[in-house]
Amino acid sequence: MAVTSPRSPVPDAADVLRARYTHRLPARLEDLAGPVQGTIDLPLHVVWSGRRSYELSGLKSRISLYRTVLAEGQRQDLEAFLNRDLLIRQWPILRTLISPFIREAWENAFPELAAARGTVAA
(Lines give C-alpha, C1' and ligand atoms only; values in the text may rest on other atoms or scores of the structure.)
Protein backbone atom coordinates (compact mmCIF):
# COMPACT_ATOMS: atom_id res chain seq x y z
CA MET A 1 0.00 0.00 0.00
CA ALA A 2 1.49 3.32 -1.06
CA VAL A 3 1.40 6.26 1.30
CA THR A 4 0.63 9.54 -0.35
CA SER A 5 1.39 12.92 1.06
CA PRO A 6 0.26 16.28 -0.14
CA ARG A 7 2.92 17.90 -2.24
CA SER A 8 4.19 21.24 -1.15
CA PRO A 9 5.18 23.48 -3.98
CA VAL A 10 8.91 23.98 -4.15
CA PRO A 11 9.72 27.68 -3.95
CA ASP A 12 11.53 29.19 -6.89
CA ALA A 13 15.18 29.82 -5.97
CA ALA A 14 15.10 33.28 -7.54
CA ASP A 15 12.09 34.25 -5.40
CA VAL A 16 13.84 32.99 -2.27
CA LEU A 17 16.95 35.06 -3.04
CA ARG A 18 14.94 38.18 -3.88
CA ALA A 19 13.05 37.88 -0.60
CA ARG A 20 16.27 37.30 1.37
CA TYR A 21 17.98 40.42 0.07
CA THR A 22 14.85 42.58 0.20
CA HIS A 23 14.25 41.61 3.83
CA ARG A 24 17.76 42.79 4.80
CA LEU A 25 17.44 46.27 3.27
CA PRO A 26 17.64 49.31 5.52
CA ALA A 27 14.52 51.47 5.71
CA ARG A 28 16.43 54.39 4.16
CA LEU A 29 19.84 54.87 2.58
CA GLU A 30 20.47 57.47 5.28
CA ASP A 31 20.54 54.57 7.76
CA LEU A 32 23.85 53.46 6.22
CA ALA A 33 26.12 55.19 8.71
CA GLY A 34 29.33 53.23 8.24
CA PRO A 35 32.77 54.84 8.27
CA VAL A 36 34.33 56.62 5.29
CA GLN A 37 37.94 56.12 6.34
CA GLY A 38 40.10 53.72 8.26
CA THR A 39 40.11 49.94 8.43
CA ILE A 40 37.07 47.73 8.91
CA ASP A 41 37.35 44.25 10.39
CA LEU A 42 34.25 42.25 9.58
CA PRO A 43 32.82 39.84 12.15
CA LEU A 44 32.83 36.10 11.53
CA HIS A 45 29.07 35.95 10.90
CA VAL A 46 29.61 38.15 7.81
CA VAL A 47 32.81 36.60 6.50
CA TRP A 48 33.61 33.17 7.88
CA SER A 49 36.73 32.47 5.83
CA GLY A 50 39.29 34.44 3.91
CA ARG A 51 39.84 38.16 4.11
CA ARG A 52 38.18 39.97 7.02
CA SER A 53 40.04 43.29 7.14
CA TYR A 54 39.46 46.07 4.60
CA GLU A 55 41.08 49.46 4.16
CA LEU A 56 38.60 52.12 3.03
CA SER A 57 41.23 54.30 1.35
CA GLY A 58 41.77 51.78 -1.45
CA LEU A 59 39.08 51.47 -4.12
CA LYS A 60 39.59 47.71 -4.63
CA SER A 61 39.51 47.03 -0.91
CA ARG A 62 36.43 49.21 -0.43
CA ILE A 63 34.58 47.58 -3.33
CA SER A 64 35.45 44.14 -1.95
CA LEU A 65 34.17 45.13 1.49
CA TYR A 66 30.89 46.48 0.10
CA ARG A 67 30.42 43.42 -2.09
CA THR A 68 30.90 41.12 0.88
CA VAL A 69 28.61 43.05 3.20
CA LEU A 70 25.87 43.37 0.57
CA ALA A 71 25.95 39.62 -0.05
CA GLU A 72 26.43 38.29 3.49
CA GLY A 73 25.47 41.00 5.94
CA GLN A 74 22.24 41.34 7.86
CA ARG A 75 20.46 44.70 8.15
CA GLN A 76 22.48 45.76 11.20
CA ASP A 77 25.72 44.94 9.33
CA LEU A 78 24.64 46.96 6.30
CA GLU A 79 23.90 49.94 8.54
CA ALA A 80 27.13 49.61 10.53
CA PHE A 81 29.64 48.94 7.75
CA LEU A 82 28.24 50.69 4.66
CA ASN A 83 28.14 54.43 4.14
CA ARG A 84 25.35 56.01 2.08
CA ASP A 85 27.58 58.41 0.12
CA LEU A 86 30.25 55.80 -0.61
CA LEU A 87 27.61 53.30 -1.72
CA ILE A 88 26.05 55.77 -4.17
CA ARG A 89 29.45 56.84 -5.50
CA GLN A 90 30.62 53.23 -6.01
CA TRP A 91 27.31 51.87 -7.28
CA PRO A 92 28.15 52.05 -11.03
CA ILE A 93 31.05 49.62 -10.52
CA LEU A 94 29.63 47.70 -7.58
CA ARG A 95 26.36 46.86 -9.33
CA THR A 96 28.30 44.93 -11.99
CA LEU A 97 30.07 42.80 -9.36
CA ILE A 98 27.13 41.70 -7.24
CA SER A 99 24.37 39.19 -7.75
CA PRO A 100 21.48 40.34 -9.93
CA PHE A 101 19.17 39.57 -6.99
CA ILE A 102 21.07 41.97 -4.73
CA ARG A 103 21.23 44.63 -7.45
CA GLU A 104 17.51 44.32 -8.17
CA ALA A 105 16.54 44.55 -4.49
CA TRP A 106 18.64 47.68 -3.90
CA GLU A 107 17.75 49.47 -7.12
CA ASN A 108 14.03 48.76 -6.69
CA ALA A 109 14.09 50.07 -3.13
CA PHE A 110 16.33 53.08 -3.71
CA PRO A 111 15.81 55.03 -6.95
CA GLU A 112 18.96 57.08 -6.31
CA LEU A 113 21.02 53.92 -6.87
CA ALA A 114 19.23 53.15 -10.13
CA ALA A 115 19.91 56.76 -11.20
CA ALA A 116 23.59 56.49 -10.21
CA ARG A 117 24.24 53.39 -12.31
CA GLY A 118 25.43 55.41 -15.29
CA THR A 119 27.76 57.80 -13.45
CA VAL A 120 31.49 57.42 -13.00
CA ALA A 121 32.61 56.00 -9.65
CA ALA A 122 35.59 57.31 -7.72
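Q: In which helix is the place of Asp-15?
A: The model is a predicted one, in which local features need pLDDT of at least 70, side-chain atom pairs count only at pLDDT 80 or more, and totals for chains, interfaces and linings use all residues. Residues are numbered from 1 along each chain as its sequence is written, and side-chain values use heavy atoms, with hydrogens and water left out. Helices are DSSP runs of H or I with at least four residues, strands are runs of E with at least two, and both are numbered from the N terminus. The place of Asp-15 is in helix H1.

Q: Why does Asp-15 count as partly exposed?
A: Buried means under 20% relative accessible area, exposed means over 50%, and partly exposed lies in between, with a 1.4 Å probe and protein chains only. Asp-15 therefore counts as partly exposed, because its relative accessibility is 46%.

Q: What distance separates the C-alpha atoms of Asp-15 and Phe-101?
A: Along the chain, Asp-15 and Phe-101 are 86 residues apart.

Q: Which residues form an aromatic pair that is tilted?
A: Rings of Phe, Tyr and Trp (its six-membered ring) pair if their centres lie within 6.5 Å, and planes under 30 degrees apart count as stacked, over 60 as edge-to-face and the rest as tilted. By this rule the count comes to one aromatic pair. With 5.5 Å centre to centre and 45° between the planes, the tilted pair is formed by Trp-106 and Phe-110.

Q: Are Trp-106 and Phe-110 buried or exposed?
A: For Trp-106 and Phe-110, the answer for both is buried.
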